[in-house]
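Here is a model to go through by question and answer.

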Amino acid sequence: MIAEHQALAQKGAELVELRVDYLSRTPDMKRLLADRPTPTIVTCRRVTDRGRFRGTEEERQTILRTAILSGADYVDIEADIAPQIRRYGKTRRIVSHHDFDQTPDDLEEKYAQMCKLDADLVKIVTMANRAEDCVRMLKLVEGAQVPTVGFCMGEKGMLTRVLCGAFGSPFTYATFNKERELAPGQFSFDEMRKMFRYEQITRKTILLGVLGDPVAHSLSPLLHNTLMRKAGFDGVYLPLRVSASELSETLDAYEQLGFSGYSATIPHKESVLQKYPMCDDFVRAIGAANTVYRDQAGHWACSNTDYQAALDAILSDLKPGESLVGKRVLLLGAGGAAKAIGMAMQKSEAITVVASRTLKRSQALADQIGGRAITWENRGSEFADILINCTPVGMHPNLNESPFPIHWLREGMLVFDTIYTPERTLLIKHARDRGCTTVTGVEMFIRQATAQFRLFTGLKLSLDDVRTIFRRLISPVRHDDLLADPSAADGNADNGQVSDS
């Protein structure tokens, strides 16, 4: 724990929480605090609060009192025992409450009671089960009378961990590294500081995000946040997990936070167009959008950058002078991405066959693009020049799955997989083994993201520059210069974060 504390200090941490309940024996508090490289919060969480302390409650409170007597900068005290732990010396009291199941209806009342418990700081953390929980928590922090650290747990609450500082929280919490998550939905210290630039976010920062379910696999936050940093654009791009049934109410809730744009991925590419129908005729004809942004008048509008990105990715791997006219295309899937690519194939005069697990959806898409539909089971019987996978089969974490068995692939086919996490899906690996030409989802991702960035920010970036940046970001070799915070050394940080050790 001491070694990790020192490592975090070297990374730039300014405040570190010591979770002494994770230690296998009673902590030597004097040793822990003697030569501490940063101010510390001492926390000893009981099992009922998802901690790991297995001793008696009397023993636990003795550890907290010992921390106070030893001169800890902060001690975290649960609200129900706060009256039993007296103030002493210069140690500041964090009075905390955690609800791992919900954001209660009486959140504001609980908070008001906590403010009366002789707190230097109030920490209130709840589980977000819907977007409105996040809004309530951030609004509570914004109107706090006592310095308050407040955010929500869980995937639906992740945005509050990043945004709470802009709403007035003195600091937020991050993990020591990505492998050590102490509470649901935590980001690592490096992610918070380098990818999201937590310390530079203010109420003027432009809020953007990717809507999806699942969304943890998305590399869009990594790329867009890096591009904004390189362009000097004051924005933050967040992963936003939203189920299909909650999309409309979630977007209504996020209006209260001031979001300016979204990328839409599975399963929302069709639904966002129903929510925000302003778009051009071609997007309306596709019936799906992957980008939602505010136009110059401030109105919500939808666009589809998948269409041109996919078309250009395929054309880039054809022979010089070769076109898609008359090419036989087998399109796997009938969702939003398949609709955009299907329209691209129609415009290019390719002959398209659609196969998805739901024949009714396949038929609807085939009718829309002037193609033909077949059952999923018969997809291997089609002779195709080009195979395009628009299904999520093979996407992380299901790396050992493929939507098209290897024995159905033939030498000379062009195989395009729209999945980009991982880049080398099992389908792409099999295609290369069979002598096929392959196009990975990374090329489409880079192209559509570049177009999205322009819609979000008004800034035009070189496709080659974006490709170079993204390739370096996903390289196994670390490129800290890309993630380096250009203002990390200027001493102007407005917010702080605590890293748990």
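Q: Which residues of H16 meet which residues of H17?
A: Val-442, Glu-443, Phe-445, Ile-446, Arg-447 and Thr-450 in H16 meet Leu-463, Val-466, Arg-467, Phe-470 and Arg-471 in H17, where contact means heavy atoms within 4.5 Å. By class, this contact has six nonpolar, one polar and four charged residues. The model is predicted: local features need pLDDT of at least 70, side-chain atom pairs count only at pLDDT 80 or more, and totals for chains, interfaces and linings use all residues. Residues are numbered from 1 along each chain as its sequence is written, and side-chain values use heavy atoms, with hydrogens and water left out.

Q: Why is H16 called oblique to H17?
A: The axes of H16 (residues 441-457) and H17 (residues 463-473) cross at roughly 125 degrees and come within 10 Å. Angles under 35 degrees count as roughly parallel, over 145 as roughly antiparallel, 65 to 115 as roughly perpendicular and the rest as oblique. H16 is therefore oblique to H17.

Q: What makes H4 roughly parallel to H5?
A: H4 (residues 107-114) and H5 (residues 131-142) pack at about 30 degrees, their axes 11 Å apart. That angle makes H4 roughly parallel to H5.

Q: Which residues of H4 and H5 meet?
A: Leu-107, Glu-108 and Tyr-111 in H4 meet Arg-136, Met-137 and Leu-140 in H5. The residues of this contact divide into four nonpolar, no polar and two charged.

Conventions. Axes fitted to C-alpha atoms, helices over the stretch in contact; angles between N-to-C directions. Helix = DSSP H or I, 4+ residues; strand = E, 2+ residues; numbered from the N terminus. Nonpolar A, V, L, I, M, F, W, Y, C, P; charged D, E, K, R; others polar.
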